[in-house]
Amino acid sequence: MVRRKPKEIEEIKRRFLEHYPKAKTELNYKNLYELLVAVMLSAQCTDKRVNIITPKFFERFPTIEALAKADIEEVKELIKTCSFFNNKAKNLVEMAKMVMEKYGGKIPEDEKELIKLPGVGQKTAHVVMIEYLGKNLMAVDTHVFRVAHRLGLSDAKTPEKTEEDLVKAFKSDLPALHQAMVLFGRYICTAKNPKCEKCFLYDLCKSENKKPISSKESKPHPAS
Ligand code: SF4
């Protein structure tokens, strides 16, 4: 449930869009295949780590076809510094095989089909569709979940329900807002020790994690 007044939601939205006008994923990719692999690897893993892994991975498996024929042990070796690499290796190869066998080698661009691929849940599908196709969708990862709750945009217990609350609250500009909330959560409203002194939403935050800051440090937002 959203606990914010419509005016406050509009202001939060406005500031996110103002502060992150060109927010985009920090994952490196050149095409849909590379994006899907990178997003699958990024579950429970940092984008930084994924960006270290993927250059060698794509050198060895440059296409979905090459990945479909991969030896699973070789895939594991290439991604072993990533969390849950055993499962991820299995899913990556199975995903590639299914794309080759069921979709003629073309990764589907439709949510219903995407989530049929092994290892691709709703969040992964949404991140891919937001980033690659600019679809008006929200995806809730650990950063978005935390930020949504601290800002009173949701009190839902699950990422799926939180996503519903955010869609209901923001309605439009969801791709930009998704990326903005990821970056905001990663660099400002961090899980531990949030950088409240740098926060452009300080005056709107009612979170118990909000740290008191002196008026000297505080920089009220021009619109507030
Ligand atoms: S004031 Fe602190 S806790 Fe609140 S949204 Fe900003 S960074 Fe997060």
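Which residue meets glutamate 8 in a salt bridge through the side chains? In this predicted model, the partner of glutamate 8 is arginine 4, with an N to O distance of 3.3 Å.

## Salt bridges

The structure holds 17 salt bridges.

Arginine 15 is buried, with a relative accessible area of 1%, while aspartate 203 is partly exposed at 42%. Both residues take part in a network of salt bridges that links Glu11, Arg14, Arg15, Glu18 and Asp203.

Glutamate 109 and lysine 106 provide a further example, their side chains meeting in a salt bridge at 3.9 Å, N to O. Here glutamate 109 is partly exposed, with a relative accessible area of 36%, and lysine 106 counts as exposed at 55% relative accessibility.

In soluble globular proteins, nonpolar side chains tend to be buried together. The largest nonpolar core of this model has 42 residues, of which Phe57, Leu67, Val75, Leu92 and Met95 touch the most other members. At least two residues of this core come from each of helix H2 (32-41), H3, helix H4 (64-68), helix H5 (72-79), helix H6 (85-102) and helix H8 (122-133). H2 gives the most, with nine residues.

Leaving aside neighbours within four places in sequence, methionine 95 is in contact with Leu36, Val37, Met40, Ile64, Leu67, Leu117 and Pro118. A second, separate core comprises 32 residues, among them Ile12, Val144, Leu166 and Ile188.

## Domains and their interface

The domain assignment divides the chain into domain 1 (6-23 + 138-204) and domain 2 (32-133). The C-alpha centres of domain 1 and domain 2 lie 27 Å apart, and the contact takes nine residues from domain 1 and seven residues from domain 2. The area buried between domain 1 and domain 2 is about 660 Å², with carbon and sulfur atoms giving 54% of that area. Ala139, Glu163 and Gln179 supply 42% of the area that domain 1 buries against domain 2, more than any other three residues.

One salt bridge is found across the interface of domain 1 and domain 2, together with five residue pairs in polar contact. On the side of domain 1 that touches domain 2, the largest share, four residues, comes from H11. The side chains of arginine 186 and aspartate 47 meet in a salt bridge at 3.1 Å, N to O.

## Asparagine 51

Asparagine 51 lies in helix H3 (residues 47-60). With a relative accessible area of 17%, asparagine 51 is buried. Not counting residues up to four places away in sequence, asparagine 51 touches Glu26, Leu27 and Asn28.

Technical notes: Residues numbered from 1 in each chain as written. Predicted model: local features only at pLDDT ≥ 70, side-chain atom pairs only at ≥ 80, totals over all residues. Heavy atoms only, no water. Buried < 20%, exposed > 50% of the residue type's maximum accessible area, 1.4 Å probe, protein only. Contact = heavy atoms within 4.5 Å. Core = buried A, V, L, I, M, F, W, Y, C linked by side-chain atoms within 4.5 Å. Salt bridge = Lys/Arg side-chain N within 4 Å of Asp/Glu carboxyl O. Domains from an automatic or database assignment. Buried area = accessible area lost by both parts, 1.4 Å probe. Polar contact = N/O pair within 3.5 Å; in protein donor to acceptor, adjacent residues only side chain to side chain.
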